[in-house]
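Take a look at the sequence and the structure below. This report walks through a few parts in turn.

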Amino acid sequence: MKTLPMAHVYQMLEPGPVALLVTARDGKANVMTMSWHMMVEFEPPRIACIVSGADHSFTALRETGECVIAVPPASMAERVVEIGNCSGRDVDKFARFHLETKPAKLVAAPLLADCITNIECRVIDDSLVERFNLFVLEAVHGWINPALRAAPTLHHRGWGEFALDGEIIRLKSRMR
């Protein structure tokens, strides 16, 4: 065993897959790349995510209390990275990155048509936002793109390195 620098710990625990967080505020949608998220409850589905106060999406999420989490296929990797490398304050990311949108059912933020899954969410707990930029969301509606259901996803390993999903195996589980 060798010492793992503390700055590299997150690379070993990244939950993946990389997701796109879509918000809408005052009639204007925005999208950001996000890899710091995790499931915190099965049913109803609850998701914790970190959104930096420096991100343009932070204000929209804080003020509206709703968003869409979209899971892009690995084939969108270059666009996903570029989305994360610019700010919605300066750029219409939907136009620049040719993101096709569809209306959501229960939230103002749009769905991303080229993604595998879109999950409409509402903030149910923001008590850790001031301290950790951590929002707890509850999924209120989900969408799947059947044509992309088996597409590999992208998993962030830090500093511009990504892994793709591998082989899927099924083992007996007592969970339903």
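## Salt bridges

Which residue forms a salt bridge with Asp126? The partner is Arg62, and the closest N and O atoms are 3.7 Å apart. Keep in mind that this is a predicted model. Asp126 sits in strand E8 (residues 117-128) and Arg62 in helix H2 (residues 56-64), so the pair links distant parts of the chain, 64 residues apart. Asp126 is partly exposed, at 36% relative accessibility. Arg62 is partly exposed too, at 31%. Arg62 and Asp126 also belong to a network of salt bridges with Glu130.

The whole structure holds 8 salt bridges. Among them is Arg122 with Glu66, whose closest N and O atoms are 3.9 Å apart. This pair joins strand E8 to strand E5 across 56 residues. Arg122 is partly exposed, with a relative accessible area of 33%. Glu66 is buried, at 15%, because buried means under 20%. Another bridge runs from Asp114 to Arg79, with a closest N and O distance of 3.8 Å. Asp114 lies in the loop between E7 and E8 and Arg79 in helix H3, so this bridge ties together parts 35 residues apart in sequence.

## Nonpolar cores

In soluble globular proteins, nonpolar side chains tend to be buried together. Here the largest nonpolar core has 22 residues. Leu20, Val22, Val31, Leu99 and Leu112 have the most contacts inside it. Two or more residues each come from strand E1 (19-25), strand E5 (66-71), helix H3 (77-84) and strand E7 (111-112). E1 gives the most, with 3 residues.

What does Leu20 touch, beyond its neighbours up to four places away in sequence? Its contacts include Val31, Val68, Ile69, Val80, Ile83 and Leu112. A second, separate core has 15 residues, including Leu21, Met34, Cys49 and Leu137.

## An enclosed hairpin

Strand E10 (residues 154-158) has 4 of its 5 residues buried, so it is largely enclosed by the rest of the structure. E10 pairs with strand E11 (residues 161-164) in the antiparallel sense, over 4 bridges. His155 stands opposite Ala163 in E11. The hairpin has 2 residues between the strands, and Trp159 takes a positive phi near 50 degrees.

## On the surface

Leu4, Met12 and Leu13 form a nonpolar patch on the surface. Together they have about 320 Å² of accessible area. Leu4 lies in the segment before H1 and is partly exposed, at 36%.

Met6 also lies in the segment before helix H1 (9-13). Met6 is exposed, with a relative accessible area of 68%. Met6 and Thr33 are 27 residues apart in sequence and 23 Å apart in space, C-alpha to C-alpha.

How values were computed: Residues are numbered from 1 along each chain as its sequence is written. This is a predicted model: local features need pLDDT of at least 70, side-chain atom pairs count only at pLDDT 80 or more; totals for chains, interfaces and linings use all residues. Side-chain values use heavy atoms; hydrogens and water are left out. Buried means under 20% relative accessible area, exposed over 50%, partly exposed in between (1.4 Å probe, protein chains only). A nonpolar core is a set of buried Ala, Val, Leu, Ile, Met, Phe, Trp, Tyr and Cys residues joined through side-chain atoms within 4.5 Å. Contact means heavy atoms within 4.5 Å. Patches are made of residues with over 30% relative accessible area and no salt bridge: like charges are joined within 9 Å, nonpolar side chains (Val, Leu, Ile, Met, Phe, Trp, Tyr) within 5 Å. Accessible areas come from the Shrake-Rupley method with a 1.4 Å probe; for residues, only the protein chains shown count as cover. A salt bridge is a side-chain nitrogen of Lys or Arg within 4 Å of a carboxyl oxygen of Asp or Glu. Two strands pair if DSSP finds at least two bridges between them.
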